Amino acid sequence: MSEVAPTRAAARHRAPSRNPWALPAGSARPRRLRTTPAMRRLVAETRLHPAELVLPMFVKEGLEAPVPLQSMPGVDQHTLDSLVKAAREAVDAGVGGLMIFGVPAQRDETGSGATDPDGILNVALRRLREELGDDTVLMSDLCLDEFTSHGHCGVLDAQGRVDNDATLERYAEMAVAHAEAGAHLVGPSGMMDGQVGVIRRALDEAGHTDVGILAYAVKYASAAFGPFREAVESELQGDRRTYQQDFANRTDALREVQLDLAEGADLVMVKPALPYLDILRDVREVSDVPVAAYQVSGEMAMIEAAGANGWIDRDAMVLESLTAIKRAGAQIILTYYATEVARHLQSS
């Protein structure tokens, strides 16, 4: 039998390349590990998991139906009933935790609704703990800004400045109220000096030694918080630059983390996330407790706006941004995309 002539394609395959710039045999070719989706999955260094995601949720007193937020597509101000329903959906999707923000019908100078057992946040925490038990990690936003008529995160002195130590007294009361309502973790976000230590003592003295503190250790005075103020109907006039951190500073962030760790923080967080990935990496390297990051409302709004205009692939950008946050060092990510991404991860 005569030998079958080789095809032209086979001959080309065997022929030496005539490209003078071709890599020589034995050269390193990192692209081999990017050839197929299966190959890329196999060698991926960073993976998202639903249990690492936390869903921030807003509940407003007196609502009869959920109210969609214009600046945060897909996010609602909830009624108590719709809050419970959406929380159950998140938990069933595998989301690891829920961070609850309350929006009261009435506000005053000292934010009394924050510690009122019948205030919207405490009522919501009780409802969620009754419905979900220990199926999730229930977290509370421990801050006064949603409850004060001036919109600041603390009480004001006679000159209209935020009084750090007077605010700590309110935070201690608020922590105990949240613990009694069912929170597993309280999240002090007001950036008052000494807040973690005061809250820890208050919780322990009230017998809530098992309730942990998710410290907003690094919270910058960021323009990315804008849409959040729609969500909580903030009354703020001016800014919070005297207590939130200056975005020009890096060393200051690490000092805040070290202070919170020394005061007893069980977890520490960086907020916002994407503009501060360098800070997040720094924090991960010095922290001996889990590190969280908050993909804030403005980060979401930018993705949604660009996606709606066809400037980016919205779904791909959501996953890319969260993966970048985890790659930088976050073990826990607070994101408004938590339920959506958890479902995607479970089905992929």
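User: Which residues of the largest nonpolar core touch the most other members?

Analyst: In this predicted model, F58, I100 and V218 touch the most other members of that core, which has 102 residues. Helix α5 gives the largest share of the core, eight residues.

User: What is F58 in contact with, leaving aside its neighbours within four places in sequence?

Analyst: The partners are L69, M72, V75, D76, Q77, H78, F101, F228, A231, V232 and Y336. Contact here requires heavy atoms within 4.5 Å.

User: Why is helix α6 called largely enclosed by the rest of the structure?

Analyst: A residue is buried when its relative accessible area is under 20%. Eight of the 11 residues of α6, which spans 195–205, are buried, so the helix is described as largely enclosed. The buried residues are Q195, V196, G197, V198, I199, R200, A202 and L203.

User: What do the buried residues of α6 pack against?

Analyst: They pack against the strands β5 (137–142), β6 (185–188) and β7 (212–219), and against the helices α5 (164–181) and α8 (251–263). After α6 comes G207, with a positive phi near 90 degrees.

User: What makes N122 a buried residue?

Analyst: N122 has a relative accessibility of 1%, and the cut-off for buried is under 20%. N122 therefore counts as buried. It is found in helix α4, residues 120–132. Leaving aside neighbours within four places in sequence, N122 is in contact with G113, A114, T115, D116, P117, A177, H178 and A181.

User: Are C143 and C153 buried or exposed?

Analyst: C143 is buried, with a relative accessible area of 0%. C153 also counts as buried, at 0% relative accessibility.

User: What kind of peptide bond joins K271 and P272?

Analyst: The bond is cis, with omega about -5 degrees. Most peptide bonds are trans. P272 is placed in the loop between β8 (267–271) and α9 (277–286).

User: How many cavities of 30 Å³ or more does the search of the whole structure find?

Analyst: The search finds one. The largest cavity has a volume of about 90 Å³. Its lining has 13 residues, and those closest to its centre are D145, K219, F228, R240 and K271. By class, the lining has six charged, five nonpolar and two polar residues.

User: What makes a space a pocket and not a cavity?

Analyst: In a cavity a 1.4 Å probe fits but cannot get out, whereas a pocket is open. The largest pocket has a volume of about 540 Å³. Of the 13 residues lining it, R40, R41, A44, T46 and R47 are closest to its centre.

User: Which elements each supply at least two residues of the lining of the largest pocket?

Analyst: They are α2 (37–43), α11 (314–328) and α12 (338–347). The largest share, three residues, comes from α11. The lining divides into five charged, four nonpolar and four polar residues.

User: What lines the second largest pocket?

Analyst: That pocket, with a volume of about 350 Å³, is lined by 17 residues. Nearest its centre lie L55, G74, V75, Y336 and T339. At least two lining residues each come from β1 (53–60), β3 (76–78), α3 (80–92) and α12. By class, nine are nonpolar, three polar and five charged.

Key
Residues numbered from 1 in each chain as written. Predicted model: local features only at pLDDT ≥ 70, side-chain atom pairs only at ≥ 80, totals over all residues. Heavy atoms only, no water. 1 Å grid on protein atoms, 1.4 Å probe; cavity = no way out; pocket = protein on both sides within 12 Å on 5 of 7 lines; lining within 4 Å. Points joined across faces, edges and corners; volume = space filled by probe spheres on them. Nonpolar A, V, L, I, M, F, W, Y, C, P; charged D, E, K, R; others polar. Helix = DSSP H or I, 4+ residues; strand = E, 2+ residues; numbered from the N terminus. Buried < 20%, exposed > 50% of the residue type's maximum accessible area, 1.4 Å probe, protein only. Core = buried A, V, L, I, M, F, W, Y, C linked by side-chain atoms within 4.5 Å.
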